[in-house]
Amino acid sequence: MTAFDIQAVTTTLDKMKMLFWRLDLSKRSFMNLNECSAGVLGLENYRFFKDRDYREKILFPDDRILMDRTMASIKERMPVRTVFRVQSENAISWFKLTGWPTADYRYYEGAVEEITEHVAWLKNIFNQQDKRLLSIDADYPVALFNDHTQKLLKANDAFCRLLEIDTKHGARYRLADFILGDIKLPQILETLFMERRLSLELVLATQNQGKARAFCQFEYFSHGGEGYIRLAVIDQTVQKPAVVEKKPLQKVEVSALCDDLSQCQSVEAMLERIYQERILFPDMDVVMFSDIYARKNKVIVYSRGEMDEPLEPGSQFPYAGTIAENIEKEKLEYLIVDDTQSSIKAIDWMLFVPKGLYSYVAKALYVRGAMRTVLILCSRKKHAFSEDDIADVTAIATAFHQQLKKIRRIKT
């Protein structure tokens, strides 16, 4: 690109209602990449990114928590895309913030664009759509619920026939009354409120204790200051007999290893015993145990195996950014990382990559609801572990965890 081209691009950017910026995360400094005013943010834009009190002062109150989360993601070098509002002289301006980590780990770049002029147009479109969604006039089952109480507001005849209910006599039904199985309604609603539309298969309960398996579509919308949940039954399928999943038979070698762990008298002995049986996982090179103390923000790690750099027994790391935190936040049963070099977790770059470990599988165990044990099988190869390994890893981790509790009781 010639100097003339660069000047033309800079001039064009300056005319747009868009501010391009860069953060030096190592120095926690902010700089503009163009001269755009970006609305009210252009007055003191550096303060918006660096001064939390100033940011909260000008932000629309409902958007403060969202922006705090966005700023936290930026500090963790995660891509962000956020729409927020700013208050100024009794007026509200709308902005879209987009950010991304650069190839240089030190920097993070992004753009802030004022989109106020587009919002009214979008609101008009959404209002027309939301007004349409209020209608339950359809030849398939449809019902409307209040978004806060989840109480049934109205339902068409097809919905009443399917679920064998009668709304004419003032019966009070809630959304939860119609959903069976292991589906967790709060999680459905959380996803729905974020995405506005959700499709999934459900088992619906009829009032005469019957069941109807159906493909349903949820839609969340607001109209006239009220929020609604629209449930439409798109397709009804024949009730299938329940299939009982057979658990795979545990390998004899895994059972023997678990029995041996119950005889070990130290963490080191248990890690050594697991390492001796690494043939159970052909690509396993290292076994690690993380002792978790989340409230104290620390994780103590022990290991057995060959690594590029030695790991001292009892090495301590901050809890933030660890495998344990990842599992806890995402409510995972286990965690498989196929390539640590593509990870954004701090621990992967502090521990695994420097030691030449490029994939792992981790299983967490708990004591009275608090995570205390994470057993990790590691490999020098990428994509070394799969879902097929989870049953065996879980059995070994559980035996390790149970014996660890016994060892600690004896020592105390």
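Before sorting a lining, I set my classes: Ala, Val, Leu, Ile, Met, Phe, Trp, Tyr, Cys and Pro count as nonpolar, Asp, Glu, Lys and Arg as charged, and the others, Gly among them, as polar. I also noted that this is a predicted model.

Entry: I looked up the second largest pocket and found about 920 Å³ of space in it. It is lined by 24 residues, and E76, M78, I344, K345 and A346 are the closest to its centre. With my classes, I sorted the lining into eight nonpolar, eight polar and eight charged residues.

**Entry: who lines it.** Which helices each supply at least two residues of this lining? I found α4 (64-75), α10 (323-330) and α11 (346-352). The largest share, four residues, comes from α10.

**Entry: α10.** I turned to this helix next and saw that I323, A324, E325, N326 and I327 are buried. Their cover includes β12 (286-293), β15 (334-337), α11, β16 (359-367) and β17 (370-379). Just after α10, I noted K331 with a positive phi of about 55°.

**Entry: β12.** I followed one of the covering strands, β12, and found seven of its eight residues buried. Which strands does β12 pair with? I traced eight bridges to β13 (residues 298-305), running antiparallel, and six bridges to β17, also antiparallel. On the β13 side, V287 stands opposite R304; on the β17 side, S290 has V374 as its bridge partner. I also saw that β12 and β13 form a hairpin with four residues between them, where N297 in the turn has a positive phi of about 55°.

Technical notes: Residues are numbered from 1 along each chain as its sequence is written. This is a predicted model: local features need pLDDT of at least 70, side-chain atom pairs count only at pLDDT 80 or more; totals for chains, interfaces and linings use all residues. Side-chain values use heavy atoms; hydrogens and water are left out. On a 1 Å grid over the protein atoms alone, a cavity is a set of points where a 1.4 Å probe fits but cannot get out, and a pocket is an open set with protein on both sides within 12 Å along at least five of seven lines; lining residues have an atom within 4 Å of a point. Grid points are joined across faces, edges and corners, and a volume is the space filled by probe spheres set on the points. Buried means under 20% relative accessible area, exposed over 50%, partly exposed in between (1.4 Å probe, protein chains only). Contact means heavy atoms within 4.5 Å. Two strands pair if DSSP finds at least two bridges between them.
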